[in-house]
Amino acid sequence: MIQAQKGTKDILPAEIENWHRMENAAEKVFSKANFKEIRTPIFEATELFARGVGDSTDIVNKEMYTFEKSERSLTLRPENTAGVVRAYIENGFSRLPQPVKLWYKGPMFRYERPQAGRQRQFHQVGIEMFGASEPSADAEAINLAVKYLNELGLNDLDVEINSLGCSECRNNYKNALKEVLKPYLNELCEDCNYRYEKNPLRILDCKNPDCKKIFEKKEIQNVIYSDFICPDCAEHFEKLKKYLDILKIKYSVNKLLVRGLDYYNRTVFEIKSNNLGSQNAVCGGGRYDSLVETLGGTPTPAVGWAMGMERLNSLISKPEPSKIDAYVISEDAAEAMKLTNELREKGFCAEFDYSSKKFKKQLEKASKTAKFALILLEDEIKNNTVTIKNLETSEQISCPRNEAANKLN
Ligand code: ATP
Ligand code: MG
């Protein structure tokens with residue numbers, strides 16, 4: 001038997017209501033803030049991610065699904081910011097009134113070790129906002145993430161923020177960090193040694209417990225918690241905090257928060273949900289003012305985030321399986337079909353038995369699946385009436401056929 005690939009999952013009908021809820025909530029919350037949906041291709045030139053996500057990241061180094069077609073290297077998108085930035089540039093969005101505010105949803109692909117909440121094909125919903133450099137835009141992005149989670153009934157949230165500064169203050173920080181980490185290089189993991197050369201800030205993102213222990217050393221903590229950011233970046237961060245206070249969004253500053261992608265500057269943030277008692281990182285994002293230029297566009301500030309929909313799905317309450325409104329019972333398929341159609345046109349969810357089984361069999365099926373059975377036997381057909389049985393109370397009435405829909409409440 002051919003099975004679904006490791007790290008991929010079918011989304012079954014029993015779960016689809018939750019997925020519709022997540023999708024509808026996105027449409028509702030983001031369109032209220034005048035964000036428009038964008039749908040970009042699932043595969044892009046590999047080069048886009050190498051440049052856009054950054055070739056020192058885990059994503060580009062070991063997680064991409066890359067293949068060749070007609071001598072072109074293509075990659076299934078591991079995230080959607082690079083694709084949306086490409087679309088922004090390619091469609092000349094910089095000529096539109098700014099800011100341009102976009103949201104998306106869809107599947108992403110990363111070759112990771114599958115485990116709870118971690119798949120190889122997973123889904124993200126996210127927003128990207130272009131052309132606004134002000135901290136109020138960062139606050140708006142965080143606010144929309146929180147509002148979206150609230151809309152899904154998730155209220156117990158931990159919002160963590162940090163500022164990575166601009167390239168100048170970041171360089172100072174990088175150098176200070178390299179200096180203090182140097183004596184520990186042979187104790188740090190292989191990945192950290194690689195990051196030390198390529199992008200030392202990302203060392204702080206290491207999940208290896210031995211590395212984490214080293215970061216707790218006093219002299220390293222002193223550097224982590226030092227004020228390396230320049231006055232402009234500091235002001236940006238202070239204003240963001242003020243706006244979050246005004247929006248009554250509780251947050252904490254996490255100086256170790258650097259995010260896995262290379263393109264962030266100034267604000268980065270993550271949101272965890274504590275619903276159901278389990279800590280769960282559902283959202284990550286930040287400001288990426290240089291990415292549009294890096295990918296060949298005119299310099300355009302931008303901020304955005306992405307959420308993992310499988311993780312959201314595991315946090316939101318599961319709907320009860322619901323019954324359909326009406327099951328039409330008849331041994332005459334044509335009559336059953338006609339009445340079923342009439343009910344559907346009036347907005348009800350209705351079904352009938354395709355094989356015109358015996359009355360008793362049909363009633364059994366109706367009792368399991370529907371709120372009402374609408375019975376059309378010989379007498380009813382002759383008199384143009386219908387017998388309506390309330391399957392919860394077993395109450396039964398008879399009425400003219402054209403009044404049947406009015407009785408289904
Ligand atoms: P993590 O540290 O958990 O690997 P990340 O930093 O790689 O997360 P982002 O690239 O920022 O995550 O993606 C944003 C969100 O997408 C994450 O917070 C998570 O909810 C979700 N996500 C990321 N990778 C996966 C995956 N392989 N399977 C399911 N969800 C994922
Ligand atoms: Mg990851």
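The centres of domain 1 and domain 2, taken over C-alpha atoms, are separated by 49 Å. In the domain assignment of the protein chain, domain 1 covers 13–166 + 229–315 and domain 2 covers 324–407; the bounds come from an automatic or database domain assignment. The model is predicted, with local features needing pLDDT of at least 70, side-chain atom pairs counting only at pLDDT 80 or more, and totals for chains, interfaces and linings using all residues. Residues are numbered from 1 along each chain as its sequence is written, chains are lettered from A and ligands numbered from 1 in the order in which they are written, and side-chain values use heavy atoms, with hydrogens and water left out.

Around ligand 1 there are 15 residues, of which Arg110, Glu112, Arg118, Gln119 and Arg259 come nearest; a residue is near if one of its heavy atoms lies within 4 Å of the molecule. By class, this shell holds six charged, five nonpolar and four polar residues (Ala, Val, Leu, Ile, Met, Phe, Trp, Tyr, Cys and Pro are nonpolar, Asp, Glu, Lys and Arg charged, and the others, Gly among them, polar).

For Glu112, a polar side-chain atom is 2.7 Å from a nitrogen atom of the ligand. Taken alone, ligand 1 exposes 580 Å², and the protein buries 89% of that (Shrake-Rupley method, 1.4 Å probe).

Two or more residues of the shell come from each of β6 (121–130), β10 (280–287) and β11 (302–308), strands being DSSP runs of E with at least two residues, numbered from the N terminus. The most is given by β10, with three residues.

Technical notes:
A polar contact is a pair of N or O atoms within 3.5 Å; within protein, one must be able to donate a hydrogen and the other to accept it, and residues adjacent in sequence count only if both atoms are side-chain atoms. Helices (H or I, at least four residues) and strands (E, at least two) are DSSP runs, numbered from the N terminus.
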